[in-house]
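Visitor: Could you take me through one part of this model closely, with attention to how its charged side chains pair?

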Amino acid sequence: MENVNRRGFIKNSAVLTAGIAAGVPAYIKGYAQNKPGEVINIAVVGIRSRGGYYYGGSGHTANYTKIKNSRVTAICDVDENLFPQAVADIEKLGGAKPKTVVDFRELLDDKDIDAVSIASPDHWHALQAIWACQAGKDVYLEKPICYTIEEGKKVVQAARKYNRIVQTGTQSRSHKQFQKAIKLLHEGVIGDIYMGRGVVYGHRASIGRVADSPVPNGVHWDLHRGPAPMIPFNNNHFHYNWHWYWDTGTSEFGNNGVHLMDVIRWGMKKNEHPKKIHCSGGFFAWDSDQQIPNLQIGTYEFADGTIMETEVRSLFTNSEHPDKSGCFFYGTKGWMQLGDDGYVVFLGPKNEPGPSLKASEMEKNEYDKAEIDFHFVNFLDCVRSRKIEDLNAEIHEGYMSTSMMLMGNIAYRTGRKLIFDGKTEKFVNDDDANTYLKRAEYRKPFILPSEV
């Protein structure tokens, strides 16, 4: 395993910390905008799950290694124990051995890196994306794109200010069956759409109760916590289980609901915030340390009266959709069911069959045959062309979809229906709800800049 140069790391961290505390990161000064060569060099951040090999080769490092003319130059994680397997997976796919980095900030001054691909925990997404933009790197940013709505606004601002290509990891936007389904909706196949609904029915077992323990060798707990409050090491707050706590996670709304509501927004042509938000739910069945609900139902009403709903069921349940997560659109002529497996339309009061498509029956192109997710290809194509408008999930779309889910969480945590002003991007006459728009306090030096 290639180790971080400790003396250089300490020196660089001191400079970075001083710059961040002053509001202008040191690495911005005099930076030159990266202009990728024939091969685009990628640093992947967060490699245990989605960022790594992931379910047989569908994660970040696997995709970039399989795509021609892209190379995983560096991998970054706070758990050094993950590096040997991640390096072996990349080499198994024919990639060169990447540099291994513990602290994300070390990547920012590396002129060989053209873009960073972020799959770290939710509470880190915005800071890392902003710092990368400021350092002249393009960014692929997993959903949710931010931990708070204020963070999301600043990610978009940074992308614009530094003219960066920033793709949101809502990959359905690049999948052919979704594109065909949305085209049908926009052509009026089910008439005027008055409601869209996304369901997430993925069973989640109890995480139980776990006592605090010493920090394992190779784990950089301070860096894992980052902007979140420091607590003693606890395995229930570490790998993946960080999702289930409010100080680091965004609930299943942020974890998976973003995917569905992004498709719903797309199908309903909504590029505005909802006006009214209500959310109910709770935590049932298990005796565990978990804070976020395992049943959550959010309703969003827009200025024109149209409705969107998100429902999460993480316990035992019937399935309303073949793959247990999917989208439903309801219109004046019929309705559509849409998911990774394809789509089907039903028309009229008797649910007469309309257009349908099974994803498994679609003709495979070169990327499908190589098991490459085209969303990553689209990102790299735009890194080369510099055409932001060609991104399938440009960062503002990610901000709008993520914000919806965060609003649902705020409505759940306040326990009341909320009114949101889309122009000021604040809740109306509700100081308590507005406190959730940003993190109360960032742990130094991991501070959201007042200006990007």
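Guide: Lysine 154 and glutamate 150 both belong to helix H6, where 4 residues, about one turn of the helix, separate them; helices here are DSSP runs of H or I with at least four residues, and strands are runs of E with at least two, numbered from the N terminus. This is a predicted model, in which local features need pLDDT of at least 70 and side-chain atom pairs count only at pLDDT 80 or more, while totals for chains, interfaces and linings use all residues. Residues are numbered from 1 along each chain as its sequence is written, and side-chain values use heavy atoms, with hydrogens and water left out.

The two side chains form a salt bridge, their closest N and O atoms being 3.9 Å apart, where the term requires a side-chain nitrogen of Lys or Arg within 4 Å of a carboxyl oxygen of Asp or Glu. Glutamate 150 also forms a salt bridge with lysine 153, with the closest N and O atoms 3.8 Å apart, and because these two are 3 residues apart in helix H6 (residues 149-161), about one helical turn separates them.

As for accessibility, buried means under 20% relative accessible area, exposed over 50%, and partly exposed in between (1.4 Å probe, protein chains only). Lysine 154, at 7%, is therefore buried, whereas glutamate 150 is partly exposed at 23% and lysine 153 is partly exposed at 22%.
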